[in-house]
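Dear colleague,

Please find below the structure that I am handing over to you. My notes on it follow.

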Amino acid sequence: MNSQKSKANRFARLTRALKLNFLKLLRAPGGAHKVSTGFAIGFGLELIVISTASLIYLVFYPIVRLSGGSLPAAIVGNVIGKLTFLPILLMPLAKQIGSWILPAHSMGQGPVHESAFMELFRGNWSALSELLLGGLDILAGMSVFGVILGFISYFVVKFFYVRALRRRHERRLEKRRLAAMSPGPAPVLIRKTSQS
């Protein structure tokens with residue numbers, strides 16, 4: 001019973017975090033293109049964070065600035081990418097796709113064995129190339145996912161951003177219309193009394 005409550009609690013917290021970050025995104029400065037570009041880059045780069053051992057963060061800011069995207073939107077996209085757990089869920093599929101892009105047999109290497117880690121600890125540095133090849137497969141696959149999901153998220157965010165702006169504009173017009181229609185305060189008449 002307690003485990004069901006804690007799972008529901010965790011799900012509610014995750015949903016609240018996603019909603020909060022989405023609201024931050026809609027209030028990020030810049031136009032629809034700038035915000036959508038920033039989000040797409042932040043979301044897409046999050047997918048290759050694990051396979052680059054977080055070294056992608058060294059070029060995160062320059063990539064966002066050079067692309068003309070919004071940095072706050074890129075940070076929100078990065079956080080949402082973390083909250084979805086997509087980098088972990090897509091990793092096995094990314095390794096498969098990466099092995100198609102970078103076929104191991106063309107580099108003279110076989111598939112990565114679990115014993116390669118143990119060989120490395122024993123001082124066998126030839127196992128390092130085997131490990132790097134396995135990492136390159138994942139990096140290539142996750143890069144493909146990053147480009148595809150970043151591209152899709154650009155249009156999704158742009159749609160919601162434009163819709164939110166339109167709704168905000170409509171609410172402002174409605175408030176102005178109601179303010180114009182509502183009667184103002186009654187004028188106060190001051191009667192002058194003649195002094196004799």
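A pocket is here an open set of grid points with protein on both sides within 12 Å along at least five of seven lines, and its lining residues have an atom within 4 Å of a point. Please note that the model is a predicted one.

The largest pocket holds about 200 Å³ of space. Its lining consists of Phe 22, Leu 23, Leu 26, Arg 27, Phe 160, Arg 163, Ala 164, Arg 167, Arg 168 and Arg 171. Two elements, helix H1 (2-26) and helix H8 (127-181), each give two or more residues to this lining; H8 gives the most, with six residues. By class, the lining has five nonpolar and five charged residues, and no polar ones.

A helix pair may also be of interest. Helix H2 (residues 32-46) packs with helix H4 (residues 71-83) at an angle of about 35°, and their axes are 7 Å apart. The crossing of H2 and H4 is right-handed. On the H2 side, the residues in contact are Val 35, Gly 38, Phe 39, Gly 42, Phe 43 and Glu 46; those of H4 include Ala 73, Val 76, Gly 77 and Ile 80. Seven nonpolar, five polar and two charged residues make up the contact of H2 with H4.

As to confidence, the protein has an average pLDDT of 77, and 73% of the residues score at least 70. Among the elements, helix H3 (residues 60-67) has the highest mean pLDDT (92) and helix H7 (residues 115-121) the lowest (53). Over residues 105-114, pLDDT stays under 50. Where pLDDT is low, the predicted coordinates should not be read in detail.

Kind regards

How values were computed:
Residues numbered from 1 in each chain as written. Predicted model: local features only at pLDDT ≥ 70, side-chain atom pairs only at ≥ 80, totals over all residues. Heavy atoms only, no water. Axes fitted to C-alpha atoms, helices over the stretch in contact; angles between N-to-C directions. Helix = DSSP H or I, 4+ residues; strand = E, 2+ residues; numbered from the N terminus. Left-handed = near helix turned anticlockwise from the far one by under 90°. Contact = heavy atoms within 4.5 Å. Nonpolar A, V, L, I, M, F, W, Y, C, P; charged D, E, K, R; others polar. pLDDT = per-residue confidence, 0-100. 1 Å grid on protein atoms, 1.4 Å probe; cavity = no way out; pocket = protein on both sides within 12 Å on 5 of 7 lines; lining within 4 Å. Points joined across faces, edges and corners; volume = space filled by probe spheres on them.
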